[in-house]
Amino acid sequence: MRRGVPSPPPEALRDDHRFAAWAAEAAGRVLLDLRDSGLAGKELKDAGDLSSHEVLMELFARYAPADAVLSEEQHRGTAGRHDRHTARRVWIIDPVDGTREYSEPPRDDWAVHVALWQDGELAAGAVSQPALGRTFHTGSAPAARKPATARPRIAVSRTRPPAFVEKLAAELGADLAPMGSAGVKVISVVRGITDAYVHAGGQYEWDSAAPVAVARSAGLFTSRIDGTPLVYNQPEVLLPDLLVCRPELAAPILDHLATHPINH
């Protein structure tokens, strides 16, 4: 095992939820160490993506050798040992979700995603926010907290908030809450910091699998923006849009999206 990555606790070897959380945290510690190494900008982004990916792949090879892996870095050419199209269990991972924010210390709105797809469904998931010192996972996901304000809040990109969400917010009487990483945005709904996250600008399975698993376990509504289910481990890994929200907001948001076509 690589230096600095401890062996998992016994419960993590018996429980997929806790293994996902432990693996995400192990990668997160490596990312925090890299942040303190003197690297900056693109060098830090690239080193973080690669190092976190390598740690996670090492952990799966050692502790889940029969499982397949779909990773953002793997999709770029670093292959796993098993064919995910025929495997019953596939780990879907994003080694660094929010590389821009990761490369801008001391920002904490970036994450490590680890999800398990099994027999057609998301079976476990963890989203670690290392700079925040917190990990949210399906083994002990809190019930979604009540909103902090009377007006709904919608999580949006801090650098490129889409116009369609501004129109949605106006109709719902909602405020926008800019932040980084897709995973952080989804978890902000779990934490009660926001009430919804709506995205239609293009994402991949690894961007949403782990946070969607956690959101579902917390009792939140999740779907595509047309209301159809989010489906994972598909031949085409592009999963361009999603909605995660408090259940009572699902109908008004989907109604608005159905009557206001989105120009991509």
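How many of the 13 residues of α8 are buried? The answer is 11, so this predicted model shows α8 as mostly covered.

**View 1. Helix α8, residues 205-217.** The buried set here runs through Glu205, Trp206, Asp207, Ser208, Ala209, Ala210, Pro211, Val212, Ala213, Val214 and Ala215. After the helix comes Gly219, with a positive phi near 90°.

**View 2. Two of the aromatic pairs.** The model has 7 aromatic pairs in total. Take Tyr102 and Trp110: their ring centres are 4.8 Å apart with planes at 70°, so this one is edge-to-face. Both of these residues are buried. Tyr204 and Trp206 make a stacked pair, because their planes are at 15°, with ring centres 5.2 Å apart. Tyr204 is partly exposed at 36% relative accessibility, whereas Trp206 is buried at 3%.

View 3. Spanning residues 41-63, α3 has 23 residues and reaches 33 Å from first C-alpha to last, close to the expected 33 Å. Its buried residues include Leu44, Ala47, Val55, Leu56, Leu59 and Phe60. Phe60 also belongs to an aromatic cluster, along with Phe19, Trp22, Tyr63 and Trp91.

**View 4. The largest pocket, about 930 Å³ in volume.** There are 44 lining residues, and the closest to the pocket centre are Ser157, Arg160, His199, Gly202 and Gln203. By type, the lining splits into 16 nonpolar, 14 polar and 14 charged residues.

Methods
Residues are numbered from 1 along each chain as its sequence is written. This is a predicted model: local features need pLDDT of at least 70, side-chain atom pairs count only at pLDDT 80 or more; totals for chains, interfaces and linings use all residues. Side-chain values use heavy atoms; hydrogens and water are left out. On a 1 Å grid over the protein atoms alone, a cavity is a set of points where a 1.4 Å probe fits but cannot get out, and a pocket is an open set with protein on both sides within 12 Å along at least five of seven lines; lining residues have an atom within 4 Å of a point. Grid points are joined across faces, edges and corners, and a volume is the space filled by probe spheres set on the points. Ala, Val, Leu, Ile, Met, Phe, Trp, Tyr, Cys and Pro count as nonpolar, Asp, Glu, Lys and Arg as charged, and the others, Gly among them, as polar. Helices (H or I, at least four residues) and strands (E, at least two) are DSSP runs, numbered from the N terminus. The expected span of a helix is 1.5 Å times one less than its number of residues. Buried means under 20% relative accessible area, exposed over 50%, partly exposed in between (1.4 Å probe, protein chains only). Rings of Phe, Tyr and Trp (its six-membered ring) pair if their centres lie within 6.5 Å; planes under 30 degrees apart count as stacked, over 60 as edge-to-face and the rest as tilted.
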